[in-house]
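Here are my notes on the model, point by point. Please read them with the coordinates open.

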There are 2 protein chains.
Amino acid sequence: MVVSEEQPAAMEGDAASKKAAKKAAKAAEKQQKKAEHKAASGQSQPQGDTSEADVSEGRYGVLKLIQSTGENRDRVYTDVKQLGVNLSGQSVWVRARLQTSRAKGKQCFAVLRQSSSTVQLLINVSDERRVSKQMVKFTGNINKESIIDVYATVVKTASPVESCTIRDVELSAEQVWLVSAARAQLPLLVEDAARPEKNDDPEALKIRVHQDTRLDNRILDLRTPANQAIFRIEAGVCRLFREILTNKGFVEIHTPKIISAASEGGANVFTVSYFKSSAYLAQSPQLYKQMAIAADFDKVFTVGAVFRAEDSNTHRHLTEFVGLDLEMSFRHHYHEVLYTIADTLTEMFKGLRDQFATEIEAVGQQFRVEPFKYLEPPLRLEFPQAIQMLKEAGVTVGEEDDLSTPDEKLLGRLVRAKYDTDFYILDKYPLAVRPFYTMPDPNNPRVSNSYDMFMRGEEILSGAQRIHDPDFLTERAKHHGIDISKIAAYIESFRLGCPPHAGGGIGMERVVMLYLGLDNIRKTSMFPRDPKRVTP
Amino acid sequence: MVVSEEQPAAMEGDAASKKAAKKAAKAAEKQQKKAEHKAASGQSQPQGDTSEADVSEGRYGVLKLIQSTGENRDRVYTDVKQLGVNLSGQSVWVRARLQTSRAKGKQCFAVLRQSSSTVQLLINVSDERRVSKQMVKFTGNINKESIIDVYATVVKTASPVESCTIRDVELSAEQVWLVSAARAQLPLLVEDAARPEKNDDPEALKIRVHQDTRLDNRILDLRTPANQAIFRIEAGVCRLFREILTNKGFVEIHTPKIISAASEGGANVFTVSYFKSSAYLAQSPQLYKQMAIAADFDKVFTVGAVFRAEDSNTHRHLTEFVGLDLEMSFRHHYHEVLYTIADTLTEMFKGLRDQFATEIEAVGQQFRVEPFKYLEPPLRLEFPQAIQMLKEAGVTVGEEDDLSTPDEKLLGRLVRAKYDTDFYILDKYPLAVRPFYTMPDPNNPRVSNSYDMFMRGEEILSGAQRIHDPDFLTERAKHHGIDISKIAAYIESFRLGCPPHAGGGIGMERVVMLYLGLDNIRKTSMFPRDPKRVTP
């Protein structure tokens, strides 16, 4: 059991008596000594050949477990990405992973990796530089993916090192210390997991790591340069979403994930045992963000986990994802909100392009990433226009039916061809295909004040003007066959005076997937959850 | 059922056939006409006396349901907080809540409220300004908390209006339109809910709204100036936490809330039914943020829901709260992390002071808010020092026991008296009172590399250096009597090479509560969850 920090209840028992505490301390002392002994003798790791005098003695080996003694505290480390000709001739400390190593007689070639950056490391036997055969052997025997401390001279290379991101210099080792050992047999190699999946190089190695193998061994998989970049871009999506909305006067709120049966219920909901009763996991913050509007917060957003107990095993469904939700009161027309959302997304696309060029390129090294296109102002189409375009392309589709996923994708291609944009808004959906709380169009009761937004032909946002009149809302709910008693609290909130409002919900993982043009949402969820996966 | 937006499965059924869609549209048309009729005739709201000619005709009444017709779209509204003598003599449109109104013969005094700002509104019968008796009566009969549109002249007041936040001007109405009606009988009055709870004024009205009544009617309660301010400050806490850490090179991650039995389990965990199996709600992102460190993200933070199935009904426990968690690899000493966290909090305190002065003052109008004191650099005490201080104050406390909540509070007062700070770090807890994954002190195996941080004598953060050696971790887990098979995946993640790291978890609601000096965590959770409450 991993005990949580804040209320370490399970640990409190240990503190119950002084006796127990003392016993525990003694045992810990023993364990610590054992660990230190192991580290000193390097039991689990290769040691140099001790049969002859070693000029490198004290300059390599297994480092004692870093336990915060204060030792080496003032040592300055250099980041791999900072290595360059300007440091040529200088000696630096670097802590990095040993990605690969190959010892051959008197020398060892290795590659060090730090996040997305790699550099070549050489260990050459040399009396002058006090590098012994034993030290070369020791380094050659370190398991891949182990973390090592290296003290080395920065050396300008004669020709660029094509296999590394740092090409103009390499490191010549003087000291090598094993900080944390990886095990010998790894379930996958980061090198393999990082191989380009673009098919334009017929000479390329065809080794592929299966998606499930990656996810089963997510820690290793996440170490690839593409994954290091994807999750930094994802952090950027969230940061930009919040920054842009905060600048527009929105207030961040937090909505409960555990909800009572009364407010939501029925299909696609996970049940939670709640003390002697039961509760549900929120499928969206819908009700709560509307309540915040009724409570005078005017413009709100929330970023948080959303749960769908839907048995959909597709490339774009997760049972738990991060929702970027917003809701906003408006004066007279829901397009005030529609364009606020669209502008937010456009600003986000610009922010990603400008602030994450390096990361986007890193993803492009492994996956085929086409630049994401958008228009300013954004393209807004109305539902009948979409139907018309699909009909012209030979698709049979009803004017009051919802669009199927393949139709949406086709429409995305048609829009791209006609308007040169990967992002557009589809406005004025048929009323019949939208939730009961959607405001009908004032001029055509078969149409609604609702919209979806699309990236590369896939829906990333669904939104609408909501009905803020309690009686009208009740009528619409009844029409949809909804049990009014189950949503009494929801309807009641509009009897306290509520401004007209609209909003929308965005799936974060979808935005990242579609912005980069990736093929599976599991690539943009750090620890994805689907009907078949709740680990790691 | 409130249907979620992104995958409105329940709605898809309605779209199945065109027939159903058409039927739905017709019904909607009918409902809409009915709603319009109701609005036009003002069925649910008072109307003026129609027995005599009305000079105000067309200048007051119930506004048609705002359904985005495009009408009045270009009308410019003025915010209440912007009203001042510089606008004196001008006519402006204002949309606001009617907080109170009192009609008496030929005039009506009202107070308009918009978030935390209030202004006085006068409606005086006047032929010249086309204000009729009927219009005054209509306004006087509008229910409190309704939203109205007012067209009015800004008038300089002879003496300051003490009862409003806008004191130097008032509004003289020319038009009054009811936008959204509140019901006549409200479960609580915002005026009452906003009354000062400070006891220094013996003349003050002693009306109190009970905490449960507030929470049962949270939408109304949230409209008080103090609550409007509290949740803006809370948004600030989250924003500052993220901004400060992002500037320090941290990457935001998202960790799953649904977890398998294998990684966590046992006490205080909510169980979720997960398709044909079951799963659990994460008590903390502990394991996942450590995995992100093992996956080379170096410094990570995450903001998200955390769940504790603990039957604690205290002023400071919630079953669902927002965790501000961070984890960071370090080079040699966990104090690199400890001071990064402490600096982050100090910067946050400064940001709140500088950016939220108005909001802090608004909270101070209702609650006794003492300015929050902190030191630079922050105060770090070691556990034995705390024990010594408590002993000197006459408290009996064991040197290897954890501190009780009353002892923590007393210690907070002693520290405040001695060092003049409301924030401090308590370092080097006894090993026996911390979770199994806590790194022991290298010089004293009874002590650990762990720390808590306190605000006004209450714990807001718990953190430590974690054991990153799998064998040592296994030994410590066994010593704690933990079933190793249940945490195999957790231990395994350290066999892939992991840098030394430390971190901590902060309770967001606690930070806001204690920064402001409030007495109950339910005041800083918008929709709090405790063992007895899952609504609204």
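1. Terms first. Helices (H or I, at least four residues) and strands (E, at least two) are DSSP runs, numbered from the N terminus. Two strands pair if DSSP finds at least two bridges between them.

2. Ground rules. This is a predicted model, in which local features need pLDDT of at least 70, side-chain atom pairs count only at pLDDT 80 or more, and totals for chains, interfaces and linings use all residues. Residues are numbered from 1 along each chain as its sequence is written, chains are lettered from A and ligands numbered from 1 in the order in which they are written, and side-chain values use heavy atoms, with hydrogens and water left out.

3. The hairpin. E9(A) and E10(A) form a hairpin, and two residues lie between them. In the turn, Phe275(A) has a positive phi of about 50 degrees. Strand E9 (residues 271–274) and strand E10 (residues 277–281) of chain A are antiparallel, with four bridges. Ser273(A) sits opposite Ser278(A) in E10(A). The covered face of E9(A) carries Val272(A) and Tyr274(A). Thr271(A) and Ser273(A) are on the uncovered face.

4. The two copies. Contact means heavy atoms within 4.5 Å.

5. The eight-stranded sheet. In chain A, eight strands make an open, mixed sheet in the order E7-E11-E12-E17-E16-E15-E14-E13. Strand E11 (residues 299–307) and strand E12 (residues 320–329) of chain A are antiparallel over nine bridges. Gly304(A) has Gly323(A) in E12(A) as its bridge partner.

6. The helix across it. Helix H7 (residues 225–247) of chain A lies across E7, E11, E12 and strand E17 (501–507) of chain A. H7(A) runs at about 155 degrees to E11(A). Axes are lines fitted to C-alpha atoms, for helices over the stretch in contact, and angles run from 0 to 180 degrees between N-to-C directions.

7. Ser115(A). Where is Ser115(A) placed? Ser115(A) is in the loop between strand E3 (107–114) and strand E4 (117–124) of chain A. Leaving out residues up to four places away in sequence, Ser115(A) touches Arg223(A), Gln228(A), Arg232(A) and, from the other chain, Asp296(B). Ser115(A) and Leu222(A) are 107 residues apart in sequence, but 9.7 Å apart from C-alpha to C-alpha.

8. Helix H3. Which residues of helix H3 (residues 133–140) of chain A are buried? They are Gln134(A), Met135(A), Val136(A), Phe138(A) and Thr139(A). Buried means under 20% relative accessible area, exposed over 50%, partly exposed in between (1.4 Å probe, protein chains only). Their cover includes strand E1 (60–62), strand E2 (91–104), E3, E4 and strand E6 (169–180) of chain A.

9. Cysteines. The whole structure has zero disulfides (cysteine sulfur pairs within 2.5 Å). Cys108(A) is in none, and the nearest cysteine sulfur, in Cys164(A), is 13 Å away. Cys108(A) is buried at 1% relative accessible area.
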